[in-house]
Amino acid sequence: MHTDTTRQAPPATSAVPPVQTGHTPRTSPALEPAVDAIFDDVFLSIGQAVGLRASFDYEAVLWVRNHFRPKFLNAMRHFGDRWLEDRSRVTAVCAMFGERAVRYANGADVIDVEAVRQAGADVERYCQLHAARSNGSRGRINSDAATGMIAGYWCIWEPAP
Amino acid sequence: MSVDQIDVMLNDCLLAAGQGIGTEKPVDFDAVVWWRDRYRGFFMRALGRGNSYEADRRRVTAVGRYLGQRALHHAANAASVDLNAARLASHDVETGCQMNAEREGVASAAQPA
């Protein structure tokens with residue numbers, strides 16, 4: 001899937017607080033509106049990947065939200081709100097998620113909760129492998145350069161102390 | 001209707017919009033945020049008038065897919081679906097939505113759909 005690397009922060013008049021590009025972790029209440037806007041972006045990207053091949057059960061949408069929203073929120077607590085920097089990489093994983101969901105739906109018109117569970121498991125495995133590989137190649141995970149490679153949104157990967 | 005339920009509806013509808021756009025072009029984040037801000041208010045008002053998302057979901061997500069298709073159309077030769085394309089697509093969709101609502105007698109001409 002194509003991803004945009006030139007996006008801008010939302011306008012100041014937006015009801016959703018502008019997504020910060022700084023790395024300062026914020027408290028959970030401050031992150032809640034931001035994570036909801038991010039989740040709209042995530043769902044839109046998943047939809048792009050699936051296209052018109054299948055529709056989604058409402059329960060499947062709920063499962064994706066309930067399963068991954070806390071993980072995204074946790075990643076943002078750890079690393080701050082870096083969405084504008086991380087967006088292209090995370091939405092690329094959305095494309096993978098969508099493709100896997102279509103595959104697990106096995107030709108059905110509707111992607112059900114079981115298909116998204118399996119797709120979610122694949123994405124989490126990918127996230128963990130990618131994060132561990134990034135850690136190994138970068139050394140200190142707490143450096144700014146290293147956090148740029150953390151694929152922690154989907155799996156709450158906890159770097160070793 | 002809780003705030004969380006409204007957010008699930010928005011997730012569901014933006015998923016549908018993404019389906020309508022497909023992989024031909026990326027979507028600017030400010031376009032996503034604009035859609036979110038706009039339809040959050042609309043959905044809250046609709047539900048406040050007694051509409052049921054469960055009953056209306058099929059129709060609402062169909063409109064979401066159409067919204068995405070119109071946005072892709074308005075993006076024309078641009079590299080991405082930007083805020084302007086999103087706004088134009090919303091205008092198309094809301095005009096049609098308003099006409100349907102008037103036909104069905106659920107909205108007056110002066111009332112947003």
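Trainee: Why is B:Y39 counted as buried?

Mentor: In this predicted model, B:Y39 has 11% relative accessibility. Buried means under 20% relative accessible area, exposed over 50%, and partly exposed in between, with a 1.4 Å probe and protein chains only. B:Y39 therefore counts as buried.

Trainee: What makes B:F42 and B:F43 buried or exposed?

Mentor: The relative accessible area of B:F42 is 17%, so B:F42 is buried. For B:F43 the value is 13%, and B:F43 is therefore buried.

Trainee: Why is the pair of B:Y39 and B:F42 called edge-to-face?

Mentor: Rings of Phe, Tyr and Trp (its six-membered ring) pair if their centres lie within 6.5 Å; planes under 30 degrees apart count as stacked, over 60 as edge-to-face and the rest as tilted. The centres of B:Y39 and B:F42 are 5.6 Å apart, with 80 degrees between the planes. The pair is therefore edge-to-face.

Trainee: How are B:Y39 and B:F42 placed in helix α2 of chain B?

Mentor: They are three residues apart in that helix (residues 29-48), so about one helical turn separates them. Helices are DSSP runs of H or I with at least four residues, strands are runs of E with at least two, and both are numbered from the N terminus.

Trainee: What makes the pair of B:Y39 and B:F43 tilted?

Mentor: The ring centres are 6.3 Å apart and the planes stand at 35 degrees, so this pair is tilted. B:Y39 and B:F43 are four residues apart in helix α2 of chain B, and therefore separated by about one helical turn.

Trainee: How many aromatic pairs does the whole structure hold, and which residues form a cluster in chain A?

Mentor: The search finds nine aromatic pairs over all chains. In chain A, A:F39, A:F43, A:F72, A:W83 and A:Y153 form one aromatic cluster.

Trainee: How do you know where helix α3 of chain B is kinked?

Mentor: The bend at a residue is the angle between axes fitted to the seven residues ending there and the seven starting there. In helix α3 (residues 53-75) of chain B, the kink is about 35 degrees and is centred on B:R59.

Trainee: What is the confidence in chain A?

Mentor: pLDDT is the predictor's confidence in each residue, from 0 to 100. Chain A has a mean pLDDT of 77, and 66% of its residues reach 70 or more.

Trainee: Which conventions apply here?

Mentor: Residues are numbered from 1 along each chain as its sequence is written, and chains are lettered from A and ligands numbered from 1 in the order in which they are written. Local features need pLDDT of at least 70, side-chain atom pairs count only at pLDDT 80 or more, totals for chains, interfaces and linings use all residues, and side-chain values use heavy atoms, with hydrogens and water left out.
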